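Hello,

Here is the structure I promised to pass on. Please have a look at it first, and then read my notes below.

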Amino acid sequence: MYCLQCLLPVLLLPKPTNPALMETHVMFIVLYLIGFFLERKPCTICSLVFLTAVFLICYSGVGNCIFWGNCDGHQCENG
């Protein structure tokens with residue numbers, strides 16, 4: 001479970017309030033996770049725990065997910 005030390009803080013990163021920065025935030029998170037999984041190669045248990053935590057956070061309520069904002073079903077405007 002040592003490999004969870006670098007994965008769990010990703011869930012605590014605050015989302016930007018400006019919708020224009022949301023794409024950059026999502027790209028940063030995705031690239032960090034890809035790099036982490038390729039470089040550190042976490043164990044299967046840690047990977048499953050992290051993916052389960054992401055799944056539960058994303059589907060527990062509107063606007064909680066780290067991968068998209070809360071725009072109530074319609075696409076956010078960047079202007």
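Is Cys 6 buried, partly exposed or exposed? Cys 6 is partly exposed, as its relative accessible area is 25% (buried means under 20%, exposed over 50% and partly exposed in between, with a 1.4 Å probe and protein chains only).

Before going on, a word on the source. This is a predicted model, in which local features need pLDDT of at least 70 and side-chain atom pairs count only at pLDDT 80 or more, while totals for chains, interfaces and linings use all residues. Residues are numbered from 1 along each chain as its sequence is written, and side-chain values use heavy atoms, with hydrogens and water left out.

Back to Cys 6, which sits in helix α1 (helices are DSSP runs of H or I with at least four residues, numbered from the N terminus). Apart from neighbours within four places in sequence, Cys 6 contacts Tyr 32, Phe 36 and Arg 40 (contact means heavy atoms within 4.5 Å).

Helix α1 (residues 4-11) and helix α2 (residues 22-40) pack at about 175 degrees, and their axes are 11 Å apart (axes are lines fitted to C-alpha atoms over the stretch in contact, and angles run from 0 to 180 degrees between N-to-C directions). The two helices, α1 and α2, are therefore roughly antiparallel, a label for angles over 145 degrees. On the α1 side the contact is made by Cys 6, Leu 7 and Val 10; on the α2 side, the residues include Ile 29, Leu 33 and Phe 37.

The loop between α1 and α2 holds Leu 13. Leu 13 is also partly exposed, with a relative accessible area of 33%. Beyond its neighbours within four places in sequence, Leu 13 is in contact with His 25, Phe 28 and Ile 29.

Next, the core. The largest nonpolar core has 13 residues, and Leu 4, Leu 7, Leu 33, Phe 50 and Val 54 have the most contacts inside it (such a core is a set of buried Ala, Val, Leu, Ile, Met, Phe, Trp, Tyr and Cys residues joined through side-chain atoms within 4.5 Å). Two or more residues each come from α1, α2 and α3 (44-58).

Finally, the unreviewed UniProt entry annotates residues 20-38 and 45-69 as "transmembrane region"; such annotations may be inferred rather than shown by experiment. In the model, residues 20-38 are 89% helix and 0% strand, with end C-alpha atoms 29 Å apart.

Best wishes

Conventions: Angles under 35 degrees count as roughly parallel, over 145 as roughly antiparallel, 65 to 115 as roughly perpendicular and the rest as oblique.
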